Amino acid sequence: MATIFANDFQDMPYWWEAAPRQPLTHSDLPRTVDVAVIGSGYTGLNAALQTARGGRSTLVLEKDLTGYGCSSRNGGQAGTSYKPKFDRLAKRFGEQTALLMVQEGHRALAYLKHLIAEEQLDCDWNPCGRFIGVHSKGAFDKMAREYAKTPQEIAFEYHMVPKSEQSSEIGSDLFKGGCVLPAHGSIHPGKYHLELLNRVIDAGAMVADLCPVKSIERRSDSFRLQTDRGTVDATDVVLATNGYTDQQFAWHDQRILPIGSFQIATEVLSEDLIAALIPKTRVISDTRLIGNYFRLSPDYKRLLFGGRVTFTEASSTSGSETLYKQMVTVYPQLADIKVAYAWVGYVAYTTDISPHLGVQDNLYYAMGYCGSGITLSSYFGMKVGQKVLGSSEGNTALDGLPFKPWPKIIKFPGVLSSVTRLARVAESMGF
Ligand SMILES: Cc1cc2nc3c(=O)[nH]c(=O)nc-3n(C[C@H](O)[C@H](O)[C@H](O)COP(=O)(O)OP(=O)(O)OC[C@H]3O[C@@H](n4cnc5c(N)ncnc54)[C@H](O)[C@@H]3O)c2cc1C
């Protein structure tokens with residue numbers, strides 16, 4: 001079989017071309033700080049921006065190069081992102097609380113748009129809207145019914161697109177119609193991350209890359225963090241490690257299931273082909289549990305195609321074969337097109353498909369965005385920073401939401417086959 005990979009194929013995120021991950025200049029770590037933030041993704045940086053601007057000496061510690069986790073690897077599709085359904089939340093928490101919880105997703109998208117505009121973040125923000133494709137007429141009717149009965153307090157702009165009009169949205173016959181959410185948009189995730197990093201440094205925070213936190217010890221009125229570059233005492237600590245949470249953070253690790261999310265970027269395509277694939281340059285996703293998400297590159301030259309290929313370990317290149325087949329199923333016209341970039345990152349699933357934030361044993365945290373966290377991690381990172389400052393502005397509708405551990409049988413790979421594991425995860429989350 002002919003290779004799917006281009007001659008100049010690169011096993012790295014496409015985003016790193018325009019926003020490379022570069023080592024920072026190293027200086028000695030401070031002995032003491034007011035706030036240590038563990039993890040330099042969107043959660044950590046948004047928290048650090050608050051604490052540094054709030055007058056607290058702030059140190060961001062990153063295991064790898066900055067933004068090495070999901071925050072420089074994602075699909076760049078920005079939406080309201082809060083996944084639990086209103087009906088289920090209302091049954092469990094009552095209608096009023098459920099409305100407030102769902103509204104957090106709306107606030108998260110508004111916050112991201114505001115942040116980009118206010119801070120003048122050069123990150124290719126495109127208010128392009130989203131098309132969500134469905135795979136059957138029944139799914140189309142169900143979606144239309146569900147959207148129509150959305151309570152006014154959490155209503156959002158949308159319009160249904162029947163199969164007969166679908167070609168104006170996507171050059172594919174796979175879907176049986178779908179809907180458009182005009183408020184959603186796209187960013188260049190790597191540029192967004194670097195711009196945020198610069199704002200955090202400008203705010204006076206110190207950022208230390210290649211500096212994993214090995215352990216945390218609770219002392220009477222502070223924490224002692226052990227790193228390869230010495231110990232740091234911090235009055236407050238924010239854990240912002242999401243799908244990259246290590247076992248030394250046992251309480252959080254038990255509650256986070258890391259799942260590989262894969263992406264490929266095609267070689268440069270002709271202008272005609274690009275115009276036919278996604279005529280309105282929208283971001284696209286579907287409604288399947290293991291679905292796909294795709295979009296054009298910000299320069300409108302490539303298709304970027306992603307999905308959750310497997311629940312077991314896979315390399316970016318082995319994952320690409322599966323993803324490539326999925327891409328050609330959506331777009332048979334891409335059958336001869338080569339893959340120029342492939343990469344994988346680890347998203348963080350929680351048992352209730354909701355993010356969680358708060359304080360556990362005096363340690364602040366925000367995590368668990370379940371694969372859809374550009375807006376949520378930015379917003380909840382900002383909120384957790386406000387919590388550290390002791391501001392009531394940091395209160396959210398998700399405060400106090402029980403954060404349950406995953407059953408051991410799901411948490412440990414290899415115990416179950418990937419298919420059984422997937423079924424158990426889906427069952428556990430109520431799909
Ligand atoms: C392929 C892919 C596609 C995605 N597509 C989308 C999308 O289109 N839209 C969307 O909304 N979301 C998407 N996401 C999800 C989104 O990227 C994440 O939800 C978001 O970036 C999470 O940010 P974070 O800061 O919480 O975590 P991360 O960005 O993962 O950062 C965690 C950081 O913690 C560091 N760390 C871990 N342990 C330690 C330690 N001991 N010491 C120091 N540092 C440590 C890690 O190295 C890492 O850099 C995607 C994710 C992936 C992987």
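Predicted model: local features only at pLDDT ≥ 70, side-chain atom pairs only at ≥ 80, totals over all residues.
**Helices, strands and the ligand shell**

Helix H9 bends by about 25 degrees at Thr 322. H9 covers residues 316-330, and at 1.5 Å a residue its 15 residues should span 21 Å; the C-alpha atoms at its ends are 20 Å apart, which agrees. Seen along its sequence, the buried residues of H9 are Ser 316, Gly 319, Ser 320, Leu 323, Tyr 324, Met 327 and Val 330. An α-helix has 3.6 residues a turn, so residues three or four places apart point the same way. The buried residues of H9 are covered by elements that include strands S13, S15 (292-296), S16 (303-307) and S17.

Strand S17 is itself mostly covered, with nine of its eleven residues buried. Two strands are paired with S17 here. S13 and S17 run antiparallel and are joined by ten bridges; within this pairing, Thr 266 has Val 339 of S17 as its bridge partner. Strand S1 (residues 5-10) runs parallel to S17 and is joined to it by two bridges. Gln 10 is placed opposite Tyr 341 of S17.

Tyr 341 is also one of the contacts of Tyr 14, which touches Ala 265, Ser 297 and Leu 304 as well, when residues up to four places away in sequence are not counted. Tyr 14 is found in the loop between S1 and helix H1 (15-18). It counts as buried because 22 C-beta neighbours lie inside 10 Å, where 20 or more are required. Between the C-alpha atoms of Tyr 14 and Arg 219, which are 205 residues apart along the chain, the separation is 43 Å.

The ligand is surrounded by 42 residues, of which the closest are Gly 41, Gly 69, Gly 75, Gly 345 and Gly 373. Two or more residues of this shell come from each of helix H2 (42-53), strand S13 (257-266), strand S17 (339-349) and helix H10 (374-388). H2 gives the most, with three residues. Sorted by class, the shell around the ligand contains 14 nonpolar, 23 polar and five charged residues.

H10 also takes part in covering helix H4: the elements over the buried residues of H4 include strand S4 (77-78), helix H3 (86-93) and H10. H4 consists of residues 95-118, and its 24 residues should span 34 Å at 1.5 Å a residue; its end C-alpha atoms are 34 Å apart, which agrees. The buried residues in H4 include Ala 98, Met 101, Val 102, Gly 105, Leu 109, Leu 112 and Ile 116, and Glu 104 is buried too.

Positive phi values occur in the stretch after H4. Just after this helix, Gln 120 takes a positive phi of about 50 degrees. Asp 124, in the loop between H4 and strand S5 (130-133), has a phi near 55 degrees, a positive value in a residue other than glycine. Asp 361 is placed in the loop between strand S18 (356-360) and strand S19 (363-367). With 8 C-beta neighbours inside 10 Å, Asp 361 counts as exposed, a class that is limited to 12 or fewer.

Conventions
Residues numbered from 1 in each chain as written. Near = placed C-beta within 6 Å. Helix = DSSP H or I, 4+ residues; strand = E, 2+ residues; numbered from the N terminus. Nonpolar A, V, L, I, M, F, W, Y, C, P; charged D, E, K, R; others polar. Pairing = 2+ DSSP bridges. Expected span 1.5 Å × (residues − 1). Bend = angle between axes of the 7 residues up to and from the residue. Contact = placed C-beta atoms within 7 Å.
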